[in-house]
Amino acid sequence: MALLIAAEDVIGAKRAASLGRLRYGRVATGDPLPHCQIVGFPQIQRYGEHSDDLDYDQYRVSVLPMAGQMRGSLVCELHRSAAEERGYGPPPLGGLSGAPVFAGPVLLGVVTEVPRDRHHLRIGAVKIEALRERDIDFPLSGLRGALEQITDVHPQDEQFEARYAKDLESQYRKTEIFGIEELGRSESRWDLDTAYLSLRAEDASDMPEGEEELLPHAAARSVSRRIENLLTERPRALLRGEAGAGKTTLVWWLAAHAAAGTLGEELAELNVLVPFVIPLREVHARGGRFPSVAELLIPGRGITDDPPDGWTRRVLEAGRGLLLVDGLDEVPATEREEARRWLSALLDRYPATRCLATVRPNAVDKGWLSQERFDELTLLPMSDEDIHTFVNAWHNAARLESGHFYDARRADGEQELLTSLEQDLVYQLERNTALRDLARTPLLCAVICALHRRRRGLLPTTRWSLYRAALAMLLGGRDAGRGVLHADPVRLDSDDQHALLQRLAIWLVRTGQQQLTREQAVHQLGFAMRDMLHLREQGTPERILRFLLDRSGLLQERGDGAIQFIHRTFQDFLAAKEFHESGYIPELLEHAHNEAWRDVIVLAVGHTSRPVAERLIHHLVTTGDAAIEGVVRYGLHLLAARCAITLRQMHPGLMEEVKRRVGARLPPQNDAEVDDIASLGDWVLEVPPFPGAEGALVTRTTVRLLARIGSAKATQRLKWLSAHLDPHIRSEVAKMWDLRPLQAYADEVLAGMHVPNLRVDHPVKLANLPSFASVTQLTVIGSYSSEELATQLPVRNLVSLKFFDNQTMSGLGFLRGCMGLTRLELHKCMSVRDLSALSDLRLTHLWLVDQVGDLAPHPCVRELAVSTENTAWLEDLAAWPNLETLIITGYNQNATGILRAAFRTPRLTQISLGIDSLGELAQLNPNPHIQVLTVPGLRDHAHIGLLRHVFPGLRSLQLGLVRGGPTVLDLRDLLDLPGLVVELWGEIPNRADIAGADVFGDRLRCDKAKVRHTMALRSQNQ
């Protein structure tokens, strides 16, 4: 087969964009695949005077996977003869070579021949996966990723997917921005592109100590990044976030854009996936039975007709599913384990399915989905910059809709007012720390924008007054402001609506549900109205429910009849008010151990009197003291503190008791405790002995806690810690740069600091490098020119320098002044071709990943890492006199050549390289010098016994296993290697399937936590 490369684009970029992204696949069944097609330009379709003009022809075919198996070809059979054989001239189907073979929209192969026999019913093609196995020296878009696994084809699949995509886009492209609905219910839903704010999150998954050096891109894993960046490299993620933090909005945004194929470059690979939105509150409301594969469309908002039989299965088998599971915390705690088993079984059956699940921070334990290979992400509170962006977006949305007023003068006046209000709100947020702290979630920021507009600039300053004002706006002033007080014969004032909604809210909390059916809502309203004669006179419970749905602004009804509050926060606030007013506070205490009730308890304290609140807090303290389990004790004491900080005044003795319990947990033990304790704000800074105070124990979590609190007082403590004697503490202070406004943090904390380890991934950071007293280890991520780097890079005390993804840097001459530099890493810095400057440096560690250029031997280098494409220098490997460690990144097809070259370097004792099958080592002579061997991405380990022959001095063997190899790992042939330690990660067999495991004992270590990184080295260039 010949591949023709056009010198210029055959079709324009605009036309190409409209065609969408080409999908590639392979046949993953032995059964015939009907409903495939070939489209091409055969001889029979030529026309014109000299038959020089071409026209398409289209043929329905079945792909026959077993035919042509020995030759590795793709055989297609026409459903019927397409043309009669001619006795003269070219064959009628001549010219069809090069035509694509499609299974639906998926390219399976390219036609190569039309045999003359079999009446032209058979057509031969080359499989698309065969192109991946050939040495192609140009990028063929789409072939570098995973091929879709095609097991079945249905003629209606493509048409249904187009309808389903439009349905998803229409259902999830709109969201409601709190407070904007005052302009009218028809304008209350807004395009997500207007309302969506890209929030920051951090990876909450722990990376084992020392593992970073094994991974080429570990250093590029920022402390915090935009959520889209984090999702790019995490096929499965559990996203934790507080109420109102934007979890559901993110799910909707992903569903809408993935369906439309409009996600940006970072998430472009999701554009070919099919989203399945599973809101678990809907699942629970429908009876709690989790959906089967065929039922995955049911819980979402879809209105599409039924899919073709087996469509969902075909999508998942092809590896095209994007599962968006929203609200694991909205499943009752007693049923969450069942939810985990359902999700685990689904992903085990369809392992290529991408998945994002959302949950509140403490609803499930850390690592709850680790066995299912989920990374854990935590949504961070909005930064000051995020708040400013959100305020601008909110007012832009309001200005946009005010432009639709029929009265042009009113529209102009409203837009001028909104601009003025926006400026005033930004001013207030900049100067009012308490208000700014309230605005850290999108929901509360929207509430603040709406109230600021309604009150013409006057704003509440506490969480409770903010909620009360928001409810008053929705329940009392909303219709009055719109002039519709008498539009409905039912007239309920704010107090009446409060009372009724509180009854619905408390029922939901007690039952652990997030939705009611219409019958349940009517039943609860009927109970509430028994003692409200004036309401019974206005109508039936059904009529009152309709009024609340239409007028309150707090309830919403889904198309399937389910009723819910517009947000969980308002539900909890109203339920807490009902618990207080009805005297049910003791009932709250009975559920203090239940995470789902804790927000309600804190909100209830804000409703009660001081004596009642103090009794409740005292009960939490004493109950926590009596708890046997440490996690229960911690949860109750933290809850007591959350309640205590809501009170303006509290008995000093009780406050000291609460502080003493919190102080016992300082410094925090882990990042989860950091998040918990940071929610206490500046209050915790006065808890003795607070980490950071003179003489107090300081740990990494101390620094993270101060950064999360983020107040002026916390910033002062961070500045003090920036001069700490422990270099790890100073490095952690520098890492917190990502969590704070960049320039402000540089000025207030980092200036003049001696930093052991620093990451630069933003122009503001690069510009501030000269303000540091010194930097020992520096990682630079992103494109900066050699001139910029020459100006900004520190040279004093710089020992280690790493560059990632720099497409602008053209040379390394600026490094000649860094005479203390001993470690240099270049990762994907493709513009650097001249490496001659390296000879002037005293490097002991050199990494060149995805680099090109002539590499000369270096006399000082002890550790060398290079990509598989850049191994021509192997012939001179013996000229590296001090080389001890060699790392080859990316999957390679010349493992034996590399290992033979290693034999000529007697000081070389450690090697890491990707090998598909250990059988490749059969022709090698023994190398007694190698003591440490790392093989990531190993599939076939059947010949593991060869290691004893090839590496008789082996002391440490690290294998990253992938699927497709033998089911039994036999280590018995390695028992003769004295003291050998074997570490396995990735697709580790059960211990019963590891022969010799018992004999190795603790010298065999299995680390499934490394599974995400198994292919890191192998897939670098695959």
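Start with the contacts across the whole protein chain. Of those with a separation of 6 or more, 59% join residues 24 or more positions apart. Keep in mind that this is a predicted model. Colour by secondary structure next: the protein chain holds 34 helices and 33 strands. Then colour by accessibility. Of the 1022 residues, 54% count as buried.

**Stop 1: G321**

Select G321, in strand β15 (residues 321-326). Is G321 buried or exposed? Its relative accessibility is 0%, so G321 counts as buried. Now show what surrounds G321. Neighbours within four places in sequence aside, G321 is in contact with L273, V274, F276, V315, L316, T353 and R354.

**Stop 2**

**Stop 3: helix α13**

Move to residues 442-454, helix α13. The helix has 13 residues and reaches 18 Å from its first C-alpha to its last, close to the 18 Å expected at 1.5 Å a residue. α13 is mostly covered, with 12 of its 13 residues buried. The buried set runs through P442, L443, L444, C445, A446, V447, I448, C449, A450, L451, H452 and R453. Then step past the end of the helix to R456, where phi is positive, near 55 degrees.

**Stop 4: Y467 and F573**

Show the aromatic rings throughout. The count comes to 13 aromatic pairs. Pick Y467 and F573. How are their planes arranged? The ring centres are 5.3 Å apart and the planes stand at 70 degrees, so this pair is edge-to-face. Trace the chain between the two residues. Y467 belongs to helix α14 (residues 463-482) and F573 to helix α19 (residues 568-581), so the pair links distant parts of the chain, 106 residues apart. Both Y467 and F573 are buried.

**Stop 5: helix α19**

Follow F573 into its own helix, α19. α19 has 14 residues and spans 20 Å from first C-alpha to last, close to the 20 Å expected at 1.5 Å a residue. Of these 14 residues, 12 are buried, so α19 is largely enclosed by the rest of the structure. Select R568, T569, F570, Q571, D572, F573, L574, A575, A576, K577, E578 and F579 to see the buried residues. Just after α19 comes G583, with a positive phi of about 75 degrees.

**Stop 6: R510 over Y584**

Select Y584 and R510. The charged end of R510 sits over the ring of Y584, 4.6 Å from the ring centre.

**Stop 7: helices α26 and α27**

Finish with residues 700-709, helix α26, and residues 712-721, helix α27. The two axes come within 8 Å and cross at roughly 145 degrees. Is the crossing left-handed or right-handed? The crossing of α26 and α27 is left-handed. Show side chains to see the contact. From α26 come T702, V703, L706, A707 and I709. From α27 come A714, R717, L718 and L721.

Notes: Residues numbered from 1 in each chain as written. Predicted model: local features only at pLDDT ≥ 70, side-chain atom pairs only at ≥ 80, totals over all residues. Heavy atoms only, no water. Helix = DSSP H or I, 4+ residues; strand = E, 2+ residues; numbered from the N terminus. Expected span 1.5 Å × (residues − 1). Buried < 20%, exposed > 50% of the residue type's maximum accessible area, 1.4 Å probe, protein only. Phe/Tyr/Trp six-rings, centres within 6.5 Å; stacked < 30°, edge-to-face > 60°. Lys NZ or Arg CZ within 6 Å of the ring centre and 35° of its normal. Axes fitted to C-alpha atoms, helices over the stretch in contact; angles between N-to-C directions. Left-handed = near helix turned anticlockwise from the far one by under 90°. Contact = heavy atoms within 4.5 Å.
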